[in-house]
Amino acid sequence: MGSELVEPAPQLSYTEQFYNCFPFYLSIGMTYDQYWNGDCLLVKYYREAFDIRKKRENESLWLQGAYIYDALCAVSPVLHAFAKTGTKPLPYLDKPYPLTKKESEDIEAAKRKADRQRARAMFEAWANSLNLPKKDGER
Amino acid sequence: MAKQITFEFEGKNYTLEFTRKSIETMERQGFVIGDIVDKPMLTLPALFAGAFLAHHRFMKRKEIDAIYEKMTNKEELLQKLAEMYNEPLEALMEEPEEDEGNVEWGASW
């Protein structure tokens, strides 16, 4: 018992270990020269970059899923087996999701501006319909 | 930036560093880092010579040995060389992700 602590494990030479890891680093974009002759710490940064890329791809796939979900929700009224005749699908999103805070704020500001303009147009239409006596100087 | 040793000898600047290729070359020529304990007198000059491969590939062994003879504070030099030698392999090893199960350890020196 405990012999596994006494028997030496087969040792890989440094070279063998370098060759074992080499395909992985090639697959994430390192060149032969960078791996073998370049700064030996470069591999760490390639690994970090690889993690960032994986995260970005994951977010991108998640976003795609969210768009597909929205699209399905939009068409769901017509997919209903007992939908009334004449049922139309809801409109799909008119703009992509905002990805930054600024983009989100811009969209909110544009929405507020459009609301104000619509309210003003409605108020003007209502005022005109009243046929109020016009003040001097107004046509 | 990888660990390097720099010095000037007879008006010329030298940079010692290990790349994976230089370690591969050394091992192909029979260098075994494990021999550093059993055969230090053979291994240490070879380790020093190997550190020239990255930036001074075409230097003759005789010239390198002459520089080695003149190097001061050899004990610390060799400790640094050993650290440098391990760096290309250590860089390939990933730290485990932060987890409650990770083992914290300390040394007494």
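This is a predicted model: local features need pLDDT of at least 70, side-chain atom pairs count only at pLDDT 80 or more; totals for chains, interfaces and linings use all residues.
1. Chain A contains 5 helices and 0 strands, and from the N terminus on its elements follow the order α-α-α-α-α. Among the contacts in chain A with a separation of 6 or more, 20% are accounted for by residues 24 or more positions apart.

2. Turning to the interface, 19 residues of chain A are in contact with 20 residues of chain B. The area buried between chain A and chain B is about 1,900 Å², and carbon and sulfur atoms give 59% of that area. Of the area that chain A buries against chain B, Y14(A), F18(A) and C40(A) supply 36%, which is more than any other three residues supply.

3. As for the polar side of the interface, the count between chain A and chain B is 0 salt bridges, whereas 13 residue pairs, with both residues at pLDDT 80 or more, are in polar contact between chain A and chain B.

4. Which elements give two or more residues to the side of chain A that touches chain B? They are helix 2 (14-27), helix 3 (32-36) and helix 4 (42-79) of chain A, and helix 2 of chain A gives the most, with 7 residues. Sorted by class, the side of chain A that touches chain B has 11 nonpolar, 5 polar and 3 charged residues.

5. The largest nonpolar core has 42 residues, and those with the most contacts inside it are F48(B) and L81(B). Elements of both chains supply at least two residues each to this core: from chain A, helix 2 and helix 3, and from chain B, strand 1 (5-9), strand 2 (12-16), helix 1 (20-28), helix 3 (40-50), helix 4 (61-70) and helix 5 (74-90). Helix 5 of chain B gives the most to this core, with 6 residues.

6. If its neighbours within four places in sequence are left aside, F48(B) is in contact with L16(B), I64(B), I67(B), Y68(B), M71(B), L77(B) and L81(B). One of these partners, L81(B), is itself named with F48(B) as having the most contacts inside the largest nonpolar core.

Definitions and conventions. Residues are numbered from 1 along each chain as its sequence is written. Chains are lettered from A and ligands numbered from 1 in the order in which they are written. Side-chain values use heavy atoms; hydrogens and water are left out. Contact means heavy atoms within 4.5 Å. Buried area is the accessible area (1.4 Å probe) that two parts lose on being put together, summed over both. A salt bridge is a side-chain nitrogen of Lys or Arg within 4 Å of a carboxyl oxygen of Asp or Glu. A polar contact is a pair of N or O atoms within 3.5 Å; within protein, one must be able to donate a hydrogen and the other to accept it, and residues adjacent in sequence count only if both atoms are side-chain atoms. Helices (H or I, at least four residues) and strands (E, at least two) are DSSP runs, numbered from the N terminus. Ala, Val, Leu, Ile, Met, Phe, Trp, Tyr, Cys and Pro count as nonpolar, Asp, Glu, Lys and Arg as charged, and the others, Gly among them, as polar. A nonpolar core is a set of buried Ala, Val, Leu, Ile, Met, Phe, Trp, Tyr and Cys residues joined through side-chain atoms within 4.5 Å. Buried means under 20% relative accessible area, exposed over 50%, partly exposed in between (1.4 Å probe, protein chains only).
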